[in-house]
Amino acid sequence: MGKIVGIDLGTTNSLVAYVDAQTGEPRCIPGPSGSTLCPSVVSIDPDGSIIVGEPARRRLLIQPERSIYSVKRLMGRGPSDVQSELKLFPFRIDPASRNVIRVQLGDKVFTPPEISSFILRELKNWAESYFGETVDRAVITVPAYFNDAQRQATKDAGKLAGLEVLRLVNEPTAAALAYGLHEKRRGKVAVYDLGGGTFDISVLKLISTGEGDIYQVLSTNGDTHLGGDDIDNLLQAFVHEQILQHDQIDFSPHGELAQELRKVLIEIKHQLSETTTATLRFPLPNGNVFVREFTRGALEALIRPVVERTMAPVKQALADAQLKPSELDEVVLVGGTTRTPLIRRTVQEFFDRKPHTELNPDEVVALGAAVQANILDQGVKDMLLLDVTPLSLGIETYGGAVAKVIPRNSTIPASAQELYTTGVDNQTGIDIHVLQGERELAKDCRSLARFTLRVPPAPAGLPRIEVKFLIDANGILQVAAKDLRTGEQHTIEVQPSYGLNDADIERMLEESIEYAEQDFAERQVIEARTEAELILSATAKALANPQAAQLPVTERQKVDASVATLQEAVKGSDYKLIRRQIDELNRATEHLAEVLMSSAVQTALEGKKLAEV
């Protein structure tokens, strides 16, 4: 059996983590570039190769029609669910999409779980390179407010990536796990989690007992349609309008230009988290440069509606937990967007206490996932995680009403059963329509599944039908209906109506083997290029050192030739050639390294003599 990891599959960035066997501490695994953040961006080359992460993010600017970001917003959703998204993101939805969204990237079509699986497989590759062995199991985090369809889509993505998904853990709960271990704090904790595309608030109770620690979720709430992307979209729409008025340039035909502007505006947003002013300078196609001075105050006025939208779920979560803000012992901020000063002030004012920001908000969810993975792998007995279901589950009753079987914020795993009967004489079947949501009418809730239980004809009200709901630890539902008079029974593991069936999954798994080979080859090229860029940078710095003038002319010419050859090799995709040229440059610069080392030693000795004098 291979290694087990924890994965934060994020809207903006994704991470993979593990628990160090020696120290017992969770750690995030870096990728080829040294960063632990893998941008959740996927790009498809014209030859069909799949590019993931930082190289794909760079392609957003030059191949926007072949690239996609923020795919998490599309997980488990149908075409009708995302009409408002299409105005804000360059998603190209295949017109043939029906129950499940299919996204066009170049001349290929993919579902959101397929695209997410490419990100998961990239993280799997990072971990396998780090450990030097197979990684085949994972705990993956999801927003607490993900519904059944979105959770199932995430599990499907893991399966397509070659991972056995042992558990789906709610992101704020994972953050509380990491925070609880790090701070060794106990009591009632609110976790405010604002990421790139989703917002969650969870209220937990961290309890120490004689047998270990209990992490009990008291309530959860949120919005799977709210995040840092919305701030970026507001900023981009504002500047688009300014440019349209000032220069009469409409960005809609300029995909590459729009992506370049988005990148610059995100940098401006980050600057304004550290300083009070920032200047935007953006070259336009007509030769002009659009210049605008931004202040932190102006940005906060623009984004205040987004921040205020987060507070309604916060208030509801506290009401569900039957707590006042003053009764919370701690408040923890999670998600990169919480670096925004306005968000930190808003949370501090509401709870009347300074929120915790000690742990890296980008990494804390992945660290918690690694803790839960270790609990499952090692059978840890001194830590118990009691999560909740975020949305009520029920069935449609006569007249289109909803009878709730398991209310929201019920601790999972959970089961419940209710008795129902027929509403019409001589019915021969009962349609069981499983629903998820808080509304009173079936038409206003999300349909999860339908099936029919056969019953013998009888007067209305006579049959006794027991409907049993069982939610597993992943928050995924099984429903059983049984006629108590005849013993007739029907059980279904709810396959959410977002559209992927077993045949689709099987087909995608077969295709994923082909993509895995492409991914491996592409990864070798990326790693070779990264190493080449590092050595080229180091060589340029060494050649700029005055001591490099000591090199004989012929030797300097040899180094220059090796640099030029490696630079040319990096432009291609032959990783073996790149590595050969790296070795050649290493050999060519051996004497240069000796010269610089001798000079450094001599300078150090002279400095020591001066100090002694």
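Contact means heavy atoms within 4.5 Å.

**Figure 1. Overview of the protein chain in a predicted model.** Residue numbers start at 1 along each chain as its sequence is written. Local features need pLDDT of at least 70 and side-chain atom pairs count only at pLDDT 80 or more, whereas totals for chains, interfaces and linings use all residues; side-chain values use heavy atoms, with hydrogens and water left out. Among contacts between residues at least 6 apart in sequence, 67% join residues at least 24 apart. The secondary structure amounts to 13 helices and 27 strands, where helices (H or I, at least four residues) and strands (E, at least two) are DSSP runs numbered from the N terminus. Of the 613 residues, 53% count as buried; buried means under 20% relative accessible area, exposed over 50%, and partly exposed in between (1.4 Å probe, protein chains only). The accessible surface of the chain is about 27500 Å², and 49% of it belongs to carbon and sulfur atoms. These areas come from the Shrake-Rupley method with a 1.4 Å probe, and for residues only the protein chains shown count as cover.

**Figure 2. The open three-stranded sheet β6-β5-β7.** Pairing in this sheet is antiparallel; two strands pair if DSSP finds at least two bridges between them. β6 and β7 are the edge strands, each pairing on one side only. From one strand to the next the twist averages 15°, with axes taken as lines fitted to C-alpha atoms (for helices over the stretch in contact) and angles running from 0 to 180 degrees between N-to-C directions. Strand β5 (residues 41-44) is joined to β6 (residues 50-52) by three bridges, and valine 42 has valine 52 as its bridge partner in β6. Three bridges also join β5 to β7 (residues 67-69), where tyrosine 69 is the partner of valine 41. In a regular strand the side chains alternate between the two faces of the sheet. In β5, Val41 and Ser43 point one way and Val42 and Ile44 the other, and all are buried. The hairpin of β5 and β6 has five residues between the strands, and glycine 48 in the turn has a positive phi of about 95°.

**Figure 3. The open four-stranded sheet β20-β19-β23-β24.** The strands of this sheet pair in the antiparallel sense. β20 (401-406) and β24 (446-454) stand at the edges with a single partner strand each, so one side of each has no neighbour in the sheet. Neighbouring strands are turned by 30° against each other on average, direction ignored. Five bridges pair β19 (residues 393-397) with β20. Threonine 397 stands opposite alanine 401 in β20.

**Figure 4. Helix α2 (residues 112-131) and the residue that follows it.** The 20 residues of α2 reach 29 Å from the first C-alpha to the last, close to the expected 28 Å. The expected span is 1.5 Å times one less than the number of residues. Of the 20 residues in α2, 17 are buried. Glycine 132 follows the helix and has a positive phi, near 75°.

Figure 5. Leaving aside neighbours within four places in sequence, leucine 280 is in contact with Val239, Val264, Leu265, Ile268, Phe290, Val291, Arg292 and Phe294.

**Figure 6. Backbone geometry at serine 70, proline 413 and asparagine 426.** Most residues other than glycine have a negative phi, and most peptide bonds are trans. Serine 70, in the loop between β7 and β8 (103-105), has a positive phi of about 55°. Serine 70 is buried, with a relative accessible area of 2%. Asparagine 426 lies in the loop between β22 and β23 (429-436), and its phi is also positive, near 60°. Asparagine 426 is exposed, with a relative accessible area of 52%. The peptide bond from isoleucine 412 to proline 413 is cis, with omega near 0°. Proline 413 is in the loop between β21 (411-412) and β22 (414-420).
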